[in-house]
Amino acid sequence: MEHLLEGMALIATPVAILAILVGTFVGIIIGALPGLGSVVALTIVLPFTYSLGQAPSIALLLGVYAGSIYGGSLSAILINTPGTPASAATALDGFAMAREGRAGEALGWATIASVVGGLFSTLVLVLLAPQLARVALRFGPVEVFALIVLALTSIAAISRGSLIMGLLGGMIGLFLATVGSDPITGDIRFNFGWFPLTSGFNIIAVAIGLFALSEVFVRALEPSGRRFDVLSAGGMKLPSWRELKPRLRQFLKGSVIGTGIGVLPGTGAAAASFISYAEAKRTSSNRQRFGDGEPDGIIASETANNAVTGGALVPTLALGIPGDVVTAVMLTTLLIQGITPGVRLMVDNPEIVYAAFIAFFLINLILLPQGMLAARLFARILKVPEPLLVPAVVILSLIGAYGVRGNWFDLVVALGAGLFGLLLRLFGVPLAPLIIGMVLGSELELSLRQGLILKDDNFWLFFTDHPIALALFGATALVLLSPILGASRKLITDAKLS
Amino acid sequence: MVVGTALFAHTFSERYSGTGIGDAYGPLFYPRLLLVAWIVLAGIAFVQAAISQMAASSFAFRWPVGFAMISACALFVGSIFALGFLIASCVFFAATALILGYRNFIVIAVVSLLVPLAIWYLFHVLIEIRLPTSPWFFWM
């Protein structure tokens, strides 16, 4: 109790409160800009932490982190361009709702889902951080491989009406992730002697081209009589309690999935959001409407990707192990501030740990009013005539593609991905599987190869020596077979009735 | 299917003969698995497409506007390093607005200067993501 009060005292200062407010809003805006994302947002505010104390620095970074994850959903819903890969699943139903003139509703669902997911993971963080850290330590390469295979089943879930094309897109995405340096030996693959391909394809550039540029090209191609109206958010419309109540289970499931995956190093918000989306599609009573503007899809994606932010703090704070690039930047900042994350943190600096928990709780509460403010801002921007809005979107998107590595080749990749995305859309092929494949591909290969090295090249030991992995493979089989089992059960029931 | 097959054949080229020596699952093990799946799936998709009939109505598009937009984007990407981000984006902005049918020339002139300038200032100066500069002005 004493440490909790000390933590509250550290956060209840004007500087810390300002850091929370400013950090969250800056994170939302930068997260909404295609291609920038959490890492860029954190590196932008990093220099400001040098002049702040420990608690305000942590508050600023956490605000930017949570805000940027949420901010990605704004552009995903409004312009079909996920601001971060974690919001790619949100675009599937969010943009569909926006096309129907329900952008305000979609933003409302996304905001509530983000707040709920973040608050849930904060609660878990407070109550179970040490226990979850011990679970995270039991996840090795084999378990990570099994988890990513499970995440890949989401490809089947989102490939409506075109399962083969969706799977093909996923395979292409997985293959594109192999271009460049081999993760184990460093050998260069598939660069065809061309130096720019030595570092592979930048996923941000591909995602921007595939989603944003292809959308621009499709809009230009649409005959004027069939062009849809300028998308206008008109401000956010929060769902009523009557709309929320039947969906409480979805909120809980997405939060649990996101928190659980966030705890594991090396997975990330994108995997969590797609697994959650696939699971929601499997179990939702409105599964037929997924992809056509179903709020359950937005809830699944946004609760999961925001719940990851709290879960990711478990290995970072409790073990000193960053789960991804974002938490690695945060870990660096903590070290600069003289805080050493790890098993001794709760013993040596408990007030800092509680300050982080309290800050995170406040940040997730503040997401709601700040999200509403950001939505109003975007609503004004979207009232601009489309011929003036489109070039701005293209320029911002290409800056996002260029800004990651400062490499002209990424601009070419974005343009090429845009043309490829246009072709896919003209032939009715879903785009998301390709991005899923690229996002998960590197980690899938690394975990598979590491697992094979650990098991002396005996793949069957993945199943016999690792009960957690076996359970995850079982879950994968269940997800893949459940449509077939469901259809068989229906046939048997119909036969019995007749 | 053709691309997948060509890439699969490429994995057996001389280029990779020295890679992964002594490693049972070398650098090409995983890509080959993916390429086999790619070829099989592409074959199934090809057979499905050959059997089913495609709807023709989806091809009633404004091809001149579409091609102009694609060309404008390609020229923008090509000229961004030759002209510098600011000049290239001002020209691109104006051209795209005209391609998409906007005809208020005064608004186009003003907005195509102000918006790229604001974007340039935000990224190049404030956020310090250095954008390509022109060969004539070192500062923009």
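Tutor: Let's start with E386(A) and R219(A), which form a salt bridge whose closest N and O atoms are 2.9 Å apart. E386(A) sits in helix α18 of chain A and R219(A) in helix α10 of chain A, so this pair ties together parts that lie 167 residues apart in sequence. Keep in mind that this is a predicted model. Are the two partners buried or exposed? E386(A) is buried, with a relative accessible area of 8%, and R219(A) counts as buried too, at 11% relative accessibility. As a bit of background, side chains of opposite charge can pair when their charged atoms come close.

Now hold on to those two helices, as they also turn up where chain A meets chain B. α10 (203-221) and α18 (386-403) are among the elements of chain A that each supply at least two residues to the side touching chain B. Which element gives the most to that side? That's α18(A), with twelve residues. Others on the list include α19 (408-426), α20 (432-454) and β2 (188-189).

So what does the contact itself look like? It takes 59 residues from chain A and 59 residues from chain B. The area buried between the two chains is about 5200 Å², and carbon and sulfur atoms give 82% of that. L221(A), L388(A) and I395(A) supply 12% of the area that chain A buries against chain B, more than any other three residues. On the chain A side, the residues that touch chain B divide into 43 nonpolar, six polar and ten charged. How many salt bridges are there between chain A and chain B? The count is zero. As for polar contacts across this interface, three residue pairs turn up, with both residues at pLDDT 80 or more.

Back inside chain A, there's another charged group to look at. D182(A), R189(A), E445(A) and R449(A) are linked in a network of salt bridges. Take R189(A) as your way in. R189(A) forms a salt bridge with D182(A), the closest N and O atoms being 3.2 Å apart, and its side chain also meets that of E445(A) in a salt bridge at 2.7 Å, N to O. What about burial here? R189(A) counts as buried at 1% relative accessibility, D182(A) is buried with a relative accessible area of 2%, and E445(A) is buried with 2% as well. If you search the whole structure, you find 15 salt bridges over all chains.

Let's zoom out to chain A as a whole. There are 22 helices and two strands in chain A. Of its 498 residues, 61% count as buried. With 498 residues, a compact globule would have a radius of gyration near 23 Å, and the 22 Å of chain A agrees with that. Along its principal axes, the C-alpha trace of chain A spans about 65 × 65 × 60 Å.

Terms used. Residues numbered from 1 in each chain as written. Chains lettered and ligands numbered in written order. Predicted model: local features only at pLDDT ≥ 70, side-chain atom pairs only at ≥ 80, totals over all residues. Heavy atoms only, no water. Contact = heavy atoms within 4.5 Å. Buried area = accessible area lost by both parts, 1.4 Å probe. Salt bridge = Lys/Arg side-chain N within 4 Å of Asp/Glu carboxyl O. Polar contact = N/O pair within 3.5 Å; in protein donor to acceptor, adjacent residues only side chain to side chain. Helix = DSSP H or I, 4+ residues; strand = E, 2+ residues; numbered from the N terminus. Nonpolar A, V, L, I, M, F, W, Y, C, P; charged D, E, K, R; others polar. Rg over C-alpha atoms; globule rule 2.2 N^0.38 Å. Buried < 20%, exposed > 50% of the residue type's maximum accessible area, 1.4 Å probe, protein only.
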